Amino acid sequence: MTTFETISAKVGAGERISADEALFLYDYNDLLAIGELAALANERKNGRSVFFNVNRHINPTNICINRCAFCAFSRTAGEDGAYTLALDEICRRAEEAEREGATEVHIVGGLHPDLAFEFYEEALRSIRQTTPGLHIKAFTAVEIEYFSRISSLSIEQVLERLKSAGLGSMPGGGAEILVEDVRQKICPEKISGARWLEIIRLAHLAGLKTNSTMLYGHVESPADRVAHMEMLRTLQDGTGGFQAFIPLAFQPENSDLKLEIKSTSGLDDLKTLAIARIFLDNFSHIKAYWVMLGEKIAQVSLAFGVNDLDGTVVEERIGHEAGAKSPQALTKDGIIRLIRRADKIPVERDTLYNPIRSY
Ligand code: V47
Ligand code: SF4
């Protein structure tokens, strides 16, 4: 029979827990006990170090043909607030980021009905030319699949062309909840969960590291969350290409789901991060994305198994269009202070988790 003690003994012995055991933890009310277990699992992997990076987000366009129900960022072409950045504006933002000490640009956007694949290739090429020192982390599996459709190239060819243009790694967006009936409710136009996993597998095979996310706190059940994480864990067993797992707390404002769904609770946020740390034993990093969580929950999460706070971000749009109350950027000093006050060691990293400097 599963009890907290049997799970605790497994984690203590460094053994993998099952999906049923993860589900048991979701039902278990002693948050601090779960947090302690997650902290143990994390300390074994990462000690007291907490990573952050200095980065900037660039969203080339918010025009998107998918219009997922949870997304307050996207617009239809011609709608109020719809925008597309010109190539030189994208480069200008990358240059500004580099001047301000960034080591990474994180580029994701909507599925634009008229932009050609070459636009994105050109954007990467221009950034690489003007700011060769910046790592380009760009495009979710959803965008990669779209590029393949609009260019009639295979996924493998799209990935190779983007790598040649300067792509260094991929973020983890677009995963939402990989379980199909949940996807049908929140993002019916988006590629299936199976297709998301397949594209990520191909990216890993092409030598690109990626992240993985989980959008939680909408219509999904705890069993859906565990099923989602199990799919990621299985893929990671095969490829080892995931760097971080990032649960994204759903921000309901301005989305089509705003009337039905309230923001997540701090308790659910911490439990979700802690269970992820315990369950995803083959992931090195669990990231608390402060944009969606707020700075205070992100800080507390460092005692619940989290070892990465993402970055300075700068000009975040996806969460803020949906009502996120966090600032649009944090300074490097702000992140360092936040980590130090949690009695951890701040370590600035590059995108591939090479330490740059400890503070
Ligand atoms: O795929 C959209 C999510 C994702 C909302 O890999 C929302 O390092 C909450 O993936 N409330 C994009 N979330 C952001 C993302 C990400 C962010 C930071 C770091 C990394 C990384 C990846 O944002 C989308 C979707 O799951 N999202 N709308 C919303 N209302
Ligand atoms: Fe488009 Fe991504 Fe927003 Fe869905 S989440 S509508 S794919 S920008």
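Predicted model: local features only at pLDDT ≥ 70, side-chain atom pairs only at ≥ 80, totals over all residues.
For the classes used in this talk, Ala, Val, Leu, Ile, Met, Phe, Trp, Tyr, Cys and Pro count as nonpolar, Asp, Glu, Lys and Arg as charged, and the others, Gly among them, as polar.

By class, the shell around ligand 1 comprises 12 nonpolar, seven polar and four charged residues. That shell has 23 residues, and the closest are Lys 137, Gly 172, Gly 174, Glu 176 and Lys 287.

Which of these contacts deserve a look on the screen? At Lys 287, an N or O atom of the side chain is 2.8 Å from an oxygen atom of the ligand. Gln 251 takes part through its backbone: an N or O atom there lies 2.9 Å from a nitrogen atom of ligand 1. Taken alone, ligand 1 exposes 620 Å², and the protein buries 96% of that area.

The space that ligand 1 takes is the largest cavity. Two elements give two or more residues to the shell around this ligand, namely strand S6 (210-216) and strand S7 (242-249).

I turn now to ligand 2. Ligand 2 also sits in the largest cavity. The residues around ligand 2 include Cys 64, Cys 68 and Cys 71, together with Phe 70, Phe 73, Arg 67 and Lys 190. By class, the shell around ligand 2 divides into five nonpolar, three polar and two charged residues.

Finally, a word on charged pairs within the protein. The count of salt bridges comes to 28. One of them joins Arg 92 to Glu 96, with the closest N and O atoms 3.1 Å apart. Both residues, Arg 92 and Glu 96, belong to helix H4 (residues 87-99), where they stand four residues apart, about one turn of the helix.

Thank you for your attention.

How values were computed
Residues numbered from 1 in each chain as written. Chains lettered and ligands numbered in written order. Heavy atoms only, no water. Near = heavy atom within 4 Å. Polar contact = N/O pair within 3.5 Å; in protein donor to acceptor, adjacent residues only side chain to side chain. Areas by Shrake-Rupley, 256 points an atom, 1.4 Å probe, with all protein chains shown as cover. 1 Å grid on protein atoms, 1.4 Å probe; cavity = no way out; pocket = protein on both sides within 12 Å on 5 of 7 lines; lining within 4 Å. Sits in = over half its atoms within 2 Å of the grid points. Salt bridge = Lys/Arg side-chain N within 4 Å of Asp/Glu carboxyl O.
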